[in-house]
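This briefing describes the fold, the helix packing and the nonpolar cores of one protein model. Please read it beside the sequence and the coordinates.

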Amino acid sequence: MAVRRVFQREIVEVPYRLPDGQVLVHPALVLSVDELQDYEDGMFYAVLISTKNHFPHLTLKIQNEWLNKPLSKQSYFVTHIVSIFNVDDVMTRYNNYIKLPYFDKVLDKVISNIFGR
């Protein structure tokens, strides 16, 4: 079944191009507002989720209470790896969302790590 739309705060699975050039399927948290998909034909931004914590100062450990359903493994938001995707790239939807106060925390960390604020 083709994905027609994703939603801000949703966790989806997408093929991620990593900094070393590898493309690996990873979960990601949708950051962008839903309307962006309407303006730009399915485009959205997402931050990488990984079970690896290579750069602890650039990650946020995901706590079970942050989500409506816990992840199967301990995972981290890799807040310096934000990529652009199209809804056609979405491989899996988990019906899993981050709760609003914690989403704001992730956004703050992304902004801080990428833009220095």
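Contact here means heavy atoms within 4.5 Å. By that criterion, the buried residues of H2 pack against E2, E3, E4 and E5. The model is predicted, so local features need pLDDT of at least 70 and side-chain atom pairs count only at pLDDT 80 or more, while totals for chains, interfaces and linings use all residues. Residues are numbered from 1 along each chain as its sequence is written, and side-chain values use heavy atoms, with hydrogens and water left out.

**Sheet**

- Six strands form an open sheet in the order E4-E5-E3-E2-E1-E6, with antiparallel pairing; two strands pair if DSSP finds at least two bridges between them.
- Helices (H or I, at least four residues) and strands (E, at least two) are DSSP runs, numbered from the N terminus.
- Strand E4 (59–61) and strand E6 (92–97) are the edge strands, each pairing on one side only.
- From one strand to the next, the twist averages 50°; axes are lines fitted to C-alpha atoms, for helices over the stretch in contact, and angles run from 0 to 180 degrees between N-to-C directions.

**Strand E1 and its neighbours**

- Six of the eight residues of E1 are buried, so this strand is largely enclosed by the rest of the structure; buried means under 20% relative accessible area, exposed over 50%, and partly exposed in between (1.4 Å probe, protein chains only).
- E1 (residues 10–17) and E6 run antiparallel and are joined by four bridges; Val12 has Arg93 as its bridge partner in E6, and Glu13 stands opposite Thr92.
- Seven bridges join E1 to E2, also an antiparallel pair, and Val14 stands opposite His26 in E2.
- E1 and E2 form a hairpin with five residues between them, and Gly21 in the turn has a positive phi of about 95°.

**Helix H2**

- H2 (residues 100–115) lies across strand E2 (23–30), strand E3 (43–50), E4 and strand E5 (76–86), running at about 85° to E5.
- Its 16 residues should span 22 Å at 1.5 Å a residue, and the end C-alpha atoms are 22 Å apart, which agrees; the expected span is 1.5 Å times one less than the number of residues.
- Phe103, Val106 and Val110 are the buried residues of H2.
- Viewed down the helix axis, the buried residues of H2 fall within an arc of 60°, so they line one face; the arc is that of the directions from the axis to the C-beta atoms.
- Pro101, Asp108 and Phe115 are exposed on the other side of H2.

**Nonpolar cores**

- A nonpolar core is a set of buried Ala, Val, Leu, Ile, Met, Phe, Trp, Tyr and Cys residues joined through side-chain atoms within 4.5 Å.
- The largest core has 16 residues, and those with the most contacts inside it are Val6, Val12, Val14, Tyr16, Phe44 and Val90.
- E1, E2, E3 and E5 each supply at least two residues of this core.
- Another core, of 14 residues, lies apart from the largest one and includes Leu29, Val47, Ile62 and Trp66.

- Arg9, in the segment before E1, has a positive phi near 85° and is partly exposed, with a relative accessible area of 26%.
- Asn95, in strand E6, has a positive phi near 55° and counts as exposed at 52% relative accessibility.
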